[in-house]
Amino acid sequence: MILVDRVQMQAIDRYAIEVLKVPALSLVERASMAVLKHINLNKFGYFGVVVGVGNNGADGLALARNLLARYKDVEIFIIGDVEKASPEFKLNLESCEMLCEEIYYVESIEDLENMEKRLCNVNLIVDAIFGTGLNRPVTGIYATVISIINNVMKYKISIDIPSGLDASTGQDLGEVVDADLIVTMQLMKTGLYEREAYKRKCVIEDIGIPQKAIDSVLYGLFN
Ligand SMILES: NC(=O)C1=CN([C@@H]2O[C@H](COP(=O)(O)OP(=O)(O)OC[C@H]3O[C@@H](n4cnc5c(N)ncnc54)[C@H](O)[C@@H]3O)[C@@H](O)[C@H]2O)[C@@H](O)CC1
Ligand SMILES: [K+]
């Protein structure tokens with residue numbers, strides 16, 4: 001099995017997008033469909049999707065859009081400054097806004113209380129706050145959001161990595177989402193592999209990153 005750390009995964013993503021011209025939006029879409037594949041839609045019908053504003057959040061919004069397209073009930077909670085969001089996030093948000101009336105921006109104590117109350121009603125929580133972009137301790141509102149997610153006793157799926165976990169070292173960078181299932185994209189991350197408790201809950205899904213991007217970054221081929 002190939003293992004990659006955070007920096008290697010980011011370099012592979014970048015190579016695929018910038019050198020091999022794979023559209024970032026198509027990777028995000030594939031990531032969302034990879035997660036959807038692991039959701040039993042006969043069992044789960046009401047979803048809380050909690051997103052940060054990077055591409056992990058974009059994966060979450062694309063998943064929300066695909067669930068909404070199937071007439072599922074979805075509530076979306078956004079943490080962070082949308083002005084600074086990635087283009088893939090913004091595009092998916094525009095579509096979610098057309099399909100979903102339940103989009104909540106979590107900024108204040110009241111917003112946190114509202115989120116907690118609402119998450120108690122859903123059947124499944126999707127964690128799309130941080131992925132490989134997490135590079136420092138989780139503090140403030142992010143830490144509170146993760147502890148609320150952990151306190152709500154619902155089935156939880158983390159996209160790529162449980163938010164709060166260091167993708168390279170497997171260290172908890174503060175609060176970490178206690179996921180029931182982790183759908184990690186394209187390659188196993190060292191941080192997940194090092195921690196038995198996370199490794200057990202992990203599935204790896206191909207999202208269409210060409211092998212050439214992996215060979216170039218990991219083995220210096222094609223440079
Ligand atoms: N690069 C790409 O285009 C792709 C990314 N994908 C997804 O996107 C993720 C990576 O996306 P991003 O690089 O946008 O990063 P993330 O979405 O993981 O993180 C978003 C941003 O959070 C900020 N941040 C980091 N640590 C923080 C902290 N402790 N508190 C507050 N903010 C913090 C960083 O500035 C970071 O850019 C992957 O894990 C994967 O899920 C893949 O789905 C497909 C392709
Ligand atoms: K995540």
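Helices here are DSSP runs of H or I with at least four residues, numbered from the N terminus. With that in hand, here are the close-ups of this predicted model.

**View 1. The largest pocket and the helices that line it.** Around 890 Å³ of space lies in this pocket. It's lined by 32 residues, and G54, N55, N56, T132 and G133 are the ones closest to its centre. Helices α1, α2 and α3 each put at least two residues into the lining, with α1 giving the most, at 6 residues. Sorted by class, the lining comes out as 16 nonpolar, 10 polar and 6 charged residues.

View 2. The elements that give two or more residues to the shell around ligand 1 are α1 (6-19), α2 (24-36) and α3 (55-69). Of the 21 residues around the ligand, N55, D59, G131, G133 and D160 come nearest. That shell splits into 10 nonpolar, 7 polar and 4 charged residues.

**View 3. Polar contacts to ligand 1.** Zoom in on N56: an N or O atom of its side chain is 2.9 Å from an oxygen atom of ligand 1. For T132 it's a polar backbone atom that lies 2.9 Å from a ligand oxygen. Over at R136, a backbone N or O atom is 3.0 Å from a nitrogen atom of the ligand. As for cover, ligand 1 has 850 Å² of accessible area on its own, and the protein covers 80% of it.

Key:
Residues numbered from 1 in each chain as written. Chains lettered and ligands numbered in written order. Predicted model: local features only at pLDDT ≥ 70, side-chain atom pairs only at ≥ 80, totals over all residues. Heavy atoms only, no water. Near = heavy atom within 4 Å. Polar contact = N/O pair within 3.5 Å; in protein donor to acceptor, adjacent residues only side chain to side chain. Areas by Shrake-Rupley, 256 points an atom, 1.4 Å probe, with all protein chains shown as cover. Nonpolar A, V, L, I, M, F, W, Y, C, P; charged D, E, K, R; others polar. 1 Å grid on protein atoms, 1.4 Å probe; cavity = no way out; pocket = protein on both sides within 12 Å on 5 of 7 lines; lining within 4 Å. Points joined across faces, edges and corners; volume = space filled by probe spheres on them.
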